[in-house]
Amino acid sequence: MGSPNVGKSVIFNYLTGGRVQVANYPGTTVEVARGKMIWAGVSLEIVDTPGIYSLLPITAEEQVTRRLLWTEKPALTVHVVDAKNLERMLPLSFQILEAGLPMLLTLNMMDEARRLGLSFNVSALERALGVEVILAASIRGEGLPELRERVIKYVAGL
Ligand SMILES: Nc1nc2c(ncn2[C@@H]2O[C@H](COP(=O)(O)OP(=O)(O)O)[C@@H](O)[C@H]2O)c(=O)[nH]1
Ligand SMILES: [Mg+2]
């Protein structure tokens, strides 16, 4: 989950290998893509949620994502953010944590962030937030094998 245009679908496609089904969320025109990730003998359903700015539902996308989270109770939410705009994106991280959802934070677009001279102290962020943090440049595949491992480890305890 995360804001629009942060790379959620690129990551979703990597995890699912493109074995996906796209359907309107019941009663809405908002599309939700679902796929299966099969790795290390574990099979997980992955959901590419509509882009949202807040868990307080204003847009149809926010209403759908909120309903999805509440009804399907994910084993783990992967909050994908644009590393270039971490400050603007952290409030949604806090909302996810306050909602009691298990979360893994992925700072994506690290290729662009590095070009801007940005760097991140991952362990300080992990300590401050109390969640695991991954750096990724998903368009180049960077960080995605690690993300997959962490997801499996978290969900299946492997
Ligand atoms: N430079 C760069 N572009 C990315 C990265 N990840 C995604 N993109 C691009 O960002 C745009 C939005 O990606 P998408 O996965 O559709 O975002 P979504 O709206 O969150 O699902 C696309 O043009 C992607 O190719 C990344 O790590 N680096
Ligand atoms: Mg998308």
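**Ground rules**

I noted that this is a predicted model, in which local features need pLDDT of at least 70, side-chain atom pairs count only at pLDDT 80 or more, and totals for chains, interfaces and linings use all residues. Residues are numbered from 1 along each chain as its sequence is written, chains are lettered from A and ligands numbered from 1 in the order in which they are written, and side-chain values use heavy atoms, with hydrogens and water left out.

**Entry: the strands**

I took helices (H or I, at least four residues) and strands (E, at least two) as DSSP runs, numbered from the N terminus. I called two strands paired if DSSP finds at least two bridges between them.

I began with strand β1, residues 20-24, and strand β2, residues 31-39. They pair in the antiparallel sense, over five bridges. At one place in this pairing I found Asn24 opposite Glu31 in β2. The hairpin of β1 and β2 has six residues between the strands, and Gly27 there has a positive phi near 80°.

I then followed β2 to strand β3, which covers residues 42-48. This pair is also antiparallel, and I noted seven bridges for it. Besides the bridge that I opened with, I found that Arg34 has Val47 as its bridge partner in β3.

I checked the two faces of β3 as well. Val42, Leu44, Ile46 and Asp48 make up the covered face, while Ser43, Glu45 and Val47 make up the uncovered one.

**Entry: the turn between β2 and β3**

How many residues lie between β2 and β3 in their hairpin? I found two.

For the words on accessibility I used these limits: buried means under 20% relative accessible area, exposed over 50%, and partly exposed in between, with a 1.4 Å probe and protein chains only.

I looked at Ala40, which is in the loop between β2 and β3. Its phi is near 55°, a positive value in a residue other than glycine. I wrote down for comparison that most residues other than glycine have a negative phi. Ala40 counts as exposed because its relative accessibility is 56%.

Gly41 sits in the loop between β2 and β3. I put Gly41 down as exposed because its relative accessibility is 81%.

**Entry: ligand 1**

Which residues are the closest to ligand 1? I listed Asn5, Lys8, Ser9, Asp111 and Ser138, from the 15 residues that surround the ligand. A residue is near a molecule or strand if one of its heavy atoms lies within 4 Å of it.

By class, I noted six nonpolar, six polar and three charged residues in the shell around ligand 1.

I then looked at oxygen atoms of ligand 1. One is 3.1 Å from an N or O atom in the side chain of Asn108. A backbone N or O atom of Met109 lies 3.3 Å from an oxygen atom of the ligand. For Ile139, a polar backbone atom is 3.5 Å from an oxygen atom of ligand 1.

Taken alone, ligand 1 exposes 580 Å², and the protein buries 72% of that. I saw that α1 (8-16) and α4 (110-115) are the elements that give two or more residues to the shell. The largest share, three residues, comes from α1.

I went back to Met109, which is in the loop between β5 (103-108) and α4. Its phi is near 65°, a positive value in a residue other than glycine. Met109 counts as buried because its relative accessibility is 18%.

Is Arg150 buried or exposed? Arg150 counts as buried, because its relative accessibility is 19%. This residue lies in helix α6, residues 144-156. Leaving out residues up to four places away in sequence, I found that Arg150 touches Leu104, Glu126, Glu132, Val133 and Ile134; contact means heavy atoms within 4.5 Å.

Last, I looked up Met89 in helix α3, residues 86-98. Met89 is buried, with a relative accessible area of 9%. With residues up to four places away in sequence left out, Met89 touches Ser3, Val6, His79, Val81 and Asp82. I also noted Thr16, which is 73 residues from Met89 along the chain, with 25 Å between their C-alpha atoms.

Technical notes
A polar contact is a pair of N or O atoms within 3.5 Å; within protein, one must be able to donate a hydrogen and the other to accept it, and residues adjacent in sequence count only if both atoms are side-chain atoms. Accessible areas come from the Shrake-Rupley method with a 1.4 Å probe; for residues, only the protein chains shown count as cover. Ala, Val, Leu, Ile, Met, Phe, Trp, Tyr, Cys and Pro count as nonpolar, Asp, Glu, Lys and Arg as charged, and the others, Gly among them, as polar.
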